[in-house]
Amino acid sequence: MLILCALITVFGIGTMQAQRAKISTVTVTGQVVDENGQPMPGIVVKSWVTQAKAITDLQGNFSVDVARELADKVAVDAKGYNTAVVGVTPGKSAMDPVVMVKTKTFDSKNLVELPYRTFTNDRVTSSVYTVTGEELTSFPSSILLEALAGRIPGLVINVNSTTPGQETATAYLRGAAVNTYIDGIMRDITGLSTAEVEKVQVIRDYSGRGALGLSGSGPVLWITTKKGTPYNKTVSVTAEMGMRTPTSLPKYVDSYDYADLLNEALVNDGLEARYSEADLAKYQSHSDLIKFPDIDYYGSYLTKSSPFRKANLNFSGGDDRVSYYSMFDYVGNQGLESVGDQIKNDQYKLRGNVDIRLNDYMRLGVNIAGSYQKQKFPNSGSGAGVYNVFDILSTYPSNAHPTYFQDKLIRSDDYPINLDNELLYSGFGESTVINAQNNAKLMVDLNSVVKGLTMTANASFDVYNNIITSKGGTAALYRLQTGALGTDTAVRVVEALNVAAMSLGNFNVLRRNAAYLSANYDREFGKSLLSVDLGYYMALEEMKVVADDYQPAKMQDLALRANYAFDGKYIAQLDLSYSGSGRMPQGERFSLYPTLGLAWIASNEGFLKDNSAVDYLKVFASAGIMGINDYGLSGYNPFYLTETLWRLNGTWRPGISGNNGTTVNNYNIVQAGTTGFVLPKKRIINIGTQGELFGRSISFEVNYFNEKNYDKISNLAASTPTIIGSTQFLPAVNFGEDVRWGIDGMVQYSKSVGDFNFSLGANAMYMRAKYLVVDEPDALEDYKKLAGKDMDLFWMYQADGLYQDAGEITSSGITQSWGAVQPGDVRYVDYNGDDVIDEYDIHSTGAHAPRFFYGVNLSAGYKGFNLTVLGQGVANGDVMLSSSRYFWVNGTKQNYSELMLDRFPVTNNYPRLTTLSLNNYQNSTFWLGNAAYFRLRNVELSYTLPAAVSSRMAMTNFRVFARGTNLFVLSELKKYSVDPERINAGITGYPIFKTVTLGVSCKF
Amino acid sequence: MKKILFLFIALAFLFQGCEEYLDKVQESTGMADEQVFTDYNNFRKFEDRMYKDMHDYLADYDYSFIAALCDEGYTESDWETMPIVQTGNWLKAYSTAQALQFSAPWAAWQSIRIANIVLQKLPMLEGNATQDQMDQIEGQALFMRAWYYYEFLKRQGGMPYLEVPLQGTDDFALPRLSYDETAQKIAADCEKAADLLPEAWDIANLGRPTKGAAMALKASTLLFNASPTNNTTNDQAKWTQAAQAAWDLIAFSESTGTYKLIPSKGTDQVTYLSPAGTQTITYPSGFDSIFMYTPYNDEIIWEFYGRVNASKYSTFTVASLSPGGIIQGFSPSQNIVDMFETDNGLRITDDSSYDPQNPYVNRDPRFYQTILFNRERWTSGTGIHMEFFNGGRDRASGAFKHYSYTGYLSRKFWAKNVDRWSNATPPPTHSIYFRYAEILLMYAEAANEIGGPGYTLPGATMTSVQALNKVRERSQMPPVAAAYLGSKEAFRERIKNERAIELYLEGKRFFDLSRWGDASKLVHKEIYGADFVADASQPTGYTISKTVQPVYTLVFEPRQYRWPIPLADAMMFKEFKQNPGW
């Protein structure tokens, strides 16, 4: 990597100097100022033709060599400001001041990209929030979504898997899963690198995304990739390397404690203890580690940390006719296995974005991106997949069996896996993912035909391929057996199996074609501005896998948007989407969905215009309705709701065929056809305000949202008795309503004092969701009904501590229906008062999932030093500890976590141990934990060399940085040694990582 | 602006024309009603779907789970099902995914619907099938509807009797019929089915219900209906109805020769280790061939021969004998072992020649065919002898599951010389729903309830005790001793005993104990095993005693005679009542 960097540097410098030599130059002077006219010192100014560079002095003044005869331009780039490119008038020796505009504010002239059009902020009636790609690069991760956590009000990122190369995250905005659009096309975000992202916008309401039609029914992450800035040639290289360590790993007891705890559990159950005093002594003394092993599984099979590497190289530039951006990106990470080969993951990404002016009327944009990901991993025993060591690490007690006896791999009947065998002799798998996203876009200026009319045509072709090959195998496995004379022998129970060849595990191809056509019309009539957009979008997504076939998903949407602004103060926008769904019967496929948006730029009113406190203030509201095309009704084939489906379904075996009957396939209705239904719908109301105050030092936005889902598709299975036969016989109808409402917002304060500048901000969302109309039986008692209740409630028993003694049990007079209870068992509240604890006592106890989500950020700079800090958290909610077997230890084949040392009667923290009773392992308030946490998500500390110094090294910018993610977390759950973000991390799968990297970035 | 609007409207119209773009691309494998119901083969493929639900809950291993809910034995299962159902928390069992014995029969409502759709759509087949074919389809649908109602009857009791498929707009709030009303509806369906169904099927269709199956189902239903739990007033008419239904089938069988008891042929032997050396016991062979080797044999009235029986190996064996894959180790109870008479035809407590320290000799031949005992050789292909003695390899202790808890294993469904050590192919075994011996026992039971052991139903040619003795005779057991024929009550106890050992592990006893009202008695709730303490002076080399404590004590309250209705259904309509106590 370093060699590559060096080569590029040499190449870059070489070409620049070669060009410079041929051109006759002249020196011009100028000044760089900010929006308030304040001079900006230490800024690099570059000439396009001559490639000469200059640095502004304390007064912001510069003098730079430009081409004498050609129309040269200078480009000015400053962190936190939009790049400015200014033409130089030949023959003039002094330029007009270059005014730099800050990025990421709600300034009226800031650009908001919406489907089919880019608006200035003062025309937008929707709530759209923007994060620049620049901000995201400080997060060292192999997936982009992870970097968004805590940065956008209302956006919650759930990282589902952290297995290297298999990282997945899901983004939810205001509780709904988001769709990602990249350069105007709905696309998979997998493989997108933070470096290539220009900006990420969240479009929250239908005034912003109604034009997308049905595909915009869910929240949209609207991502644009970088483009070259004309007359600003940039080459930049970034490389970082670091280590990742688990944020937490569970703690399990050693074999002595395990044996002791299991004995206690058995005795509690009235059974014989499994280990004698002599056995326990041997576990303690470690005198016979073959028969009395004590394996620290986590310590033996995991390394403390694994490396992380990331590098990025990009070229951009161009002129009026052609501008280009190209990038090469690499991310590599590794697993934690310390035996055998670790999981290895390498991802490569290449992008080329070119913008060509074909003639005065036409421009062509071509975006080509390809990614290649290669993984190698220990193979899972069944099927092709990554071997999940954590599953064994967390379930095998320290005394399960020795790993080796006389060089033979040992397993036992109860614990049949030997991890050395799995990691060393059981083969491996390889996965290759190849992903290409291509699109071409033609923009035609039709001003000469119809004044103010432009048209855009865009076509995209994406492919996504994944192929997994693997091979299995095993070494011979032995069981330890003690012979008559007390000597140990190893008896072979599994024969060695060598697999010579790789076999195909999984292979799939996905193609996604999309095309859109838009006509954009813009006119100004006096104080009125009118913009009308007409868009047509069609898309096809087709998946091919080896074993099955998929119905392609298709979209066809027509949208009309009319945006009218009067006097720079009053804005009204109407969106009409005429959108089709292939899931509706022919003739009923298309429906019209309207959205109305209004905005008022209060700061342009006379009474605020000259107010020094208010720089910008906008109040906006929108209400819209959209259909939902992707209604998941379990058991139904969502494409053919209209058809009664008869299919092969089950077999039976009459007759005689060998030792069996003859298999005969059966037909059955798998879905009852239905007519007279409409697409389910969602109605979103958003009311918000945003602005900038006190000399643009404070920016803020607050939104109230209310989203109602109605006309949901249901087959009323829950309110239909079983006697009907089966839910598959029930036709679907429109039934069901729920509502989600809340508030989200952000505030940011920025300030500069001399060389010191800082910015401090916070964003938050509070959200509630409620069932309004639910498919549930009428006869259900009120406390069992969902309607009118919050959707995030946990339904369970109310626990009332642990029974302390036999007296309490008898005096309670209540039967708990999981067998006889003992002191140390959880006591439940008899909610319905029938003296029996059973299903009727399950109710909503008020506990619920988190409802408050927030992020805080801090950025501070002093001279070349810069610190950015991002924190993220959730609050006001609970987590069910019972969802982790770390807390819920029952049965005889489970490992005991160290938490179990605190069981009854030692403390009242956990119930008595048992191998039989189910009493304690019911979802109840006993197992509730506080889900709140605050996590230091991301920190970057950097130092940028003064421009004067870096320019001597032929660079416009040279920066070294240290970055970290997940450095610490505050949470009540920490005391359990689990990660509050995902309590099963490190137990059922890979842990969450803390990453620390060091890196360098240079620009030429 | 106008231009734009016009363009929009024009495009919208254009869309109506090109909305074919949204048509489906890949044809589904779905078929239309017409294709299914006007074609004989397709029609049958739909109808046959109604057999599947039954197979989902009546596989071989399910019988052992049902067995472990009564005194037939004990199982320690890896599945969470058994602890739940054994502790009587049957309501919970419905929401436990693995408790198929509970949730799967309830799911059979879908097969009732299929049967009703079949009956409703049958006219569509007219012209495309012969009258015989139509009759066969109708007969099977009526039979299977009756069968599933019979399964509900045995478990939850009376149900609304649906004879047409309910539509989404129908009133679902149907009241439950009484037990008797439901039983009579089942009997009526069986009568109609018996008229339509063939006496036997050709080879390819073996396994479908026959006329005899319909008659057996009717007899069994009516026997349940007459039994004490469901006939609290001891209405004699119900017993007469039951006896008549059983006799009808016996008479039909005797006149046509359709069903026979498989006779004993030749001898078989078991060997076991004792201080005096290897002992051999010879006994009449043949009983085992009802269950293995020959499917659809003369004794079987209705069975399922579709199940690959490898699962039986992991069900009835123990971990020490079959490494890996053990679902449970089923342990027959001492309660059952003690019910096997001596070969003099006497209860062990009544036979002075019986030595409790030498209990394996001179027993009912079915003992050797049913029970694997301590030190018995484990299949002839290996030198392995069972170690059920205390501390033995095959005996459960402490938390070691999947070993014998009682000192016995089941041999009933084990073919000779087959086990996982020898890697031999599992033999054909099958799940039997009705066999001829049970019909004889049904007649014996009902006739005894009417007039005692010597009673002959008018029109019949057999007394109660004669019918029972036929079953004993097949196993070369002497007739019931005169000492047991003194009263209806004394003989009733022997009928119960005969059913227990003849039909052991065939999924019958649990329901028998329920209908007799016996299951909630302590004697049937406490499941005992035997202790074997080494003592070379004893004939077997062990001092044998019944375990001091029960191996397991089932929770069985009177409410358990009627299984709970799953909560979701019980809470849906007031008319559809939950059973008392749940």
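Where in chain A does A:P905 lie? A:P905 sits in the loop between β51 (878–880) and β52 (928–930) of chain A. Helices (H or I, at least four residues) and strands (E, at least two) are DSSP runs, numbered from the N terminus. The peptide bond that joins A:F904 to A:P905 is cis, with omega about 5 degrees.

This is a predicted model, in which local features need pLDDT of at least 70, side-chain atom pairs count only at pLDDT 80 or more, and totals for chains, interfaces and linings use all residues. Residues are numbered from 1 along each chain as its sequence is written, chains are lettered from A and ligands numbered from 1 in the order in which they are written, and side-chain values use heavy atoms, with hydrogens and water left out.

Turn next to a sheet in chain A. Four strands form an open sheet in the order β3-β2-β5-β6, with antiparallel pairing. The edges are β3 (53–55) and β6 (84–87) of chain A; each has a single partner strand, so one side of each lacks a neighbour in the sheet. From one strand to the next, the twist averages 25 degrees. Its angles run from 0 to 180 degrees between N-to-C directions, with axes fitted as lines to C-alpha atoms, for helices over the stretch in contact. Two strands count as paired if DSSP finds at least two bridges between them. Strand β5 (residues 73–77) of chain A has four bridges to β6(A), and the two run antiparallel. One pair is A:V74 with A:V86 in β6(A).

Chain B has backbone features of its own. B:Y296, a residue other than glycine, has a positive phi near 50 degrees. Its loop runs between β3 (277–284) and β4 (300–304) of chain B. B:Y296 is buried, at 19% relative accessible area. Buried means under 20%, exposed over 50%, partly exposed in between (1.4 Å probe, protein chains only). B:L505 also has a positive phi, near 65 degrees. B:L505 lies in the loop between α19 (488–502) and α20 (509–516) of chain B, and is buried at 0%.

Now the interface. Contact (heavy atoms within 4.5 Å) involves 84 residues of chain B and 83 residues of chain A. The rule finds one salt bridge across the interface: A:E839 with B:K92, whose closest N and O atoms are 4.0 Å apart. A salt bridge needs a side-chain nitrogen of Lys or Arg within 4 Å of a carboxyl oxygen of Asp or Glu. On the side of chain B that touches chain A, α1(B) gives the most, with ten residues.
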